Amino acid sequence: MRILVAVATYNRPRITELCLKNLAGICSEEGASLAIYDDCSTMYGASELSRYSPMVVVFPRRVGIEISRARAFRDFVHVHRSFDLLYLTDNDTLHDPGFLRVLRDVFLFQSAHAYSNPVG
């Protein structure tokens with residue numbers, strides 16, 4: 001199962017660095033991929049972000065979190081078709097090292113039991 005982790009970023013360079021280091025390490029260990037969607041930050045650019053992932057989208061002007069997330073969804077459906085799950089997060093979040101295993105396990109459990117419990 002392939003998981004795409006999409007993180008929306010905007011400024012806050014120190015917390016963004018901590019978040020991206022955290023996610024890049026987890027994704028590397030778990031075989032997931034990291035995509036970064038930057039809302040035209042003024043405190044860093046694509047070159048700094050590309051240290052954490054080759055998939056970096058920098059918007060040419062501020063578009064807001066809703067557009068960043070919509071672009072991640074669109075890319076998941078139309079560009080990153082080989083992925084099974086999309087996980088969205090923001091650059092002010094640090095994740096437990098095991099969160100992708102839990103996400104994968106919940107999805108697989110739910111998929112296996114989706115039709116085994118008829119309603120009514």
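For charge counting here, Lys and Arg are positive and Asp and Glu negative, with His and the chain ends left out. On that basis the chain carries 13 positive and 13 negative side chains, and the centres of the two sets sit 4 Å apart, each charge being placed at NZ of Lys, CZ of Arg, CG of Asp or CD of Glu. This is a predicted model, where local features need pLDDT of at least 70, side-chain atom pairs count only at pLDDT 80 or more, and totals for chains, interfaces and linings use all residues. Numbering starts from 1 along each chain as its sequence is written, and side-chain values use heavy atoms, without hydrogens and water.

**Overall layout**
- The chain has four helices and four strands, taken as DSSP runs (helices H or I, at least four residues; strands E, at least two) numbered from the N terminus.
- Along the sequence the pattern reads β-α-β-α-β-α-β-α.
- Of the chain's 120 residues, 38% are buried, meaning under 20% relative accessible area with a 1.4 Å probe, protein chains only.

**Strand 2 (residues 33–38)**
- Six of its six residues are buried, so strand 2 is largely enclosed by the rest of the structure.
- Ser33, Ala35 and Tyr37 are buried on one side, and Leu34, Ile36 and Asp38 on the other.

**Its neighbours**
- Strand 1 (residues 3–9) pairs with strand 2 in the parallel sense over six bridges; pairing takes at least two DSSP bridges.
- In that pair, alanine 6 faces alanine 35.
- Strand 3 (residues 55–58) also runs parallel to strand 2, over four bridges, with valine 56 opposite isoleucine 36.

Definitions and conventions
Buried < 20%, exposed > 50% of the residue type's maximum accessible area, 1.4 Å probe, protein only.
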